[in-house]
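Dear colleague,

I am passing on the structure we spoke about, together with some notes on what turned up in it. Please look through the notes with the coordinates open beside you.

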Amino acid sequence: MTGISTHVLDTSLGRPAEGVPVELALHTEGGWKVLGTSATDSDGRAKDLPAVEAGSVVRLLFDTTAYYAARNEAAPFFPEVSIVFTVAPAQHHYHVPLLLNPFGYSVYRGS
């Protein structure tokens, strides 16, 4: 099994993005199956997502609309961010950071 964690940074504020809803889903023949949900903590981290099987194709879905609405800000250009990746058999953990602002985002495979 491979652990999944994420970290969201609000680059427009230069600090962690607290309260971003995150969903982890598994790709199946019938579509996406939600494995777990979380929200980023005060440090912008979601550490309590479930582990997944090696070889799986998974999706992290970030509800950016909810994040900006909670801050009483206008809806972002991207209402959600979907990151789909394949879990390699030899990996014991993946950390997937998201750099976010109202008009764009960047993501990378962290360590």
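Helices, of at least four residues, and strands, of at least two, are taken here as DSSP runs and numbered from the N terminus. In those terms Phe 77 is found in the loop between H1 and E7, and please bear in mind throughout that this is a predicted model.

Phe 77 counts as exposed, because its relative accessibility is 58% and exposed means over 50%. Phe 77 is also one of the residues of a nonpolar patch on the surface, which it forms with Phe 78, Phe 103 and Tyr 105, and the accessible area of these residues together is about 480 Å².

Asn 72 is found in the loop between helix H1, which covers 64-70, and strand E7, which covers 81-86. Most residues other than glycine have a negative phi, whereas Asn 72, although it is not a glycine, has a positive phi of about 60 degrees. Asn 72 is exposed as well, with a relative accessible area of 73%.

Turning to charged pairs, a search of the whole structure finds three salt bridges. In one of them Glu 23 is paired with Arg 59, and the closest N and O atoms are 3.1 Å apart. This pair links distant parts of the chain, since Glu 23 lies in strand E3 (residues 21-28) and Arg 59 in strand E6 (residues 57-62), 36 residues apart. Both Glu 23 and Arg 59 are buried, a term that stands for under 20% relative accessible area.

Another salt bridge joins the side chains of Asp 43 and Arg 45, with an N to O distance of 2.9 Å. Asp 43 counts as partly exposed because its relative accessibility is 36%, and Arg 45 is partly exposed too, with a relative accessible area of 27%.

There is also a salt bridge in which the side chains of Glu 73 and Arg 71 meet, at 2.9 Å from N to O. Here Glu 73 has a relative accessible area of 33% and is therefore partly exposed, while Arg 71, at 29% relative accessibility, counts as partly exposed.

When you go through the model, you might start with Asn 72 and its positive phi, then turn to the patch that includes Phe 77, and finish with the buried pair of Glu 23 and Arg 59.

Notes:
Residues are numbered from 1 along each chain as its sequence is written. This is a predicted model: local features need pLDDT of at least 70, side-chain atom pairs count only at pLDDT 80 or more; totals for chains, interfaces and linings use all residues. Side-chain values use heavy atoms; hydrogens and water are left out. Buried means under 20% relative accessible area, exposed over 50%, partly exposed in between (1.4 Å probe, protein chains only). Patches are made of residues with over 30% relative accessible area and no salt bridge: like charges are joined within 9 Å, nonpolar side chains (Val, Leu, Ile, Met, Phe, Trp, Tyr) within 5 Å. Accessible areas come from the Shrake-Rupley method with a 1.4 Å probe; for residues, only the protein chains shown count as cover. A salt bridge is a side-chain nitrogen of Lys or Arg within 4 Å of a carboxyl oxygen of Asp or Glu.
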